[in-house]
Amino acid sequence: MEDDIQEEVMSEFRERRLGGWHLLQLTAGTGLALYAVWAGLLMPGFRRVPLRLQVPYLPASKAQVSNVMTLLKGRSGAIADLGSGDGRIVLEACQRGFSPAVGYELNPWLVRLARFHSWRAGHQQSVSYRREDLWKARKTSLLTLALTPSVELSLLQKKLLAELPEDALVVTGRFPFPDWTACSVQGEGVDRAWAYHMQELRKQHFKNEALSS
Ligand SMILES: C[S@@+](CC[C@H](N)C(=O)[O-])C[C@H]1O[C@@H](n2cnc3c(N)ncnc32)[C@H](O)[C@@H]1O
């Protein structure tokens, strides 16, 4: 008896076709759920930042962190990671003696996670994470950041050229700056990292300007 009822329900279900209205509801529902996850968990705090100035969250791999650290060898002092995510680069830099080590991150969940990681590692006094827009961050002589082509990199180049001190070293992960020549490159594929020396970049920049005028 129970089997008959089950079979009846199943066959009714099989015969039912999804109409246009149902499909529309399903698509809208899925879209809304995805947006809620994106806006609520992954990108909160970004409402005032234009899309072209947002770097999506993609944590650095162990190899990438190590490549960034290799490029920083021989340097010391203050360091800032622009878009610090869960704080892995800042924490590693702090463990290697860079101080103060500061991360700028707009996503409050990632800021909390980064603080938790630094507390667990016993470094909560030596690192700090600021919930601030990386485009407004106070620049130091050592900067690390992960780039993506979706961000307006030419705008970022202009800003860094105008604001960074002469001795600054900028280390990028995943993607290089399109118009700059790196002074050093470390690693392969998606784990590659590039270092840019501000003094050399400025020299090159002024030379190019002089040639084009
Ligand atoms: C590619 S992830 C890199 C995370 C970390 N540096 C790492 O290498 O693991 C970029 C991070 O930048 C943050 N971000 C994007 N745009 C930002 C902005 N305008 N100001 C501050 N943080 C931003 C994102 O939330 C994300 O966590």
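Biologist: Which residues of α4 are buried?
Modeller: R88, I89, V90, L91, E92, A93 and C94 are. Bear in mind that this is a predicted model.
Biologist: What does that say about the helix overall?
Modeller: Helix α4 spans residues 88–95, and seven of its eight residues are buried, so the rest of the structure largely encloses it.
Biologist: What covers the buried residues of α4?
Modeller: The cover includes the helices α3 (62–71) and α5 (108–120). It also includes β1 (79–82), β2 (101–104), β3 (127–130) and β4.
Biologist: And just after α4, what phi does G97 take?
Modeller: A positive one, about 100°.
Biologist: Switching to β5. Is the strand mostly covered or open?
Modeller: Mostly covered. Strand β5 runs over residues 169–173, and five of its five residues are buried.
Biologist: Which residues point which way?
Modeller: L169, V171 and G173 point one way, V170 and T172 the other, and all are buried.
Biologist: How does β5 pair with β4?
Modeller: In the parallel sense, over five bridges, with β4 covering residues 142–146. L143 has V170 in β5 as its bridge partner. From β4 the chain passes through helix α6 (residues 153–163) to β5, a right-handed β-α-β crossover.
Biologist: And with β7?
Modeller: β5 pairs with β7 (residues 193–197) in the antiparallel sense, again over five bridges. There V171 stands opposite A195.

Key
Residues numbered from 1 in each chain as written. Predicted model: local features only at pLDDT ≥ 70, side-chain atom pairs only at ≥ 80, totals over all residues. Buried ≥ 20, exposed ≤ 12 C-beta atoms within 10 Å, placed from the backbone. Helix = DSSP H or I, 4+ residues; strand = E, 2+ residues; numbered from the N terminus. Pairing = 2+ DSSP bridges. Right-handed = clockwise from strand over helix to strand, strands pointing away. Contact = placed C-beta atoms within 7 Å.
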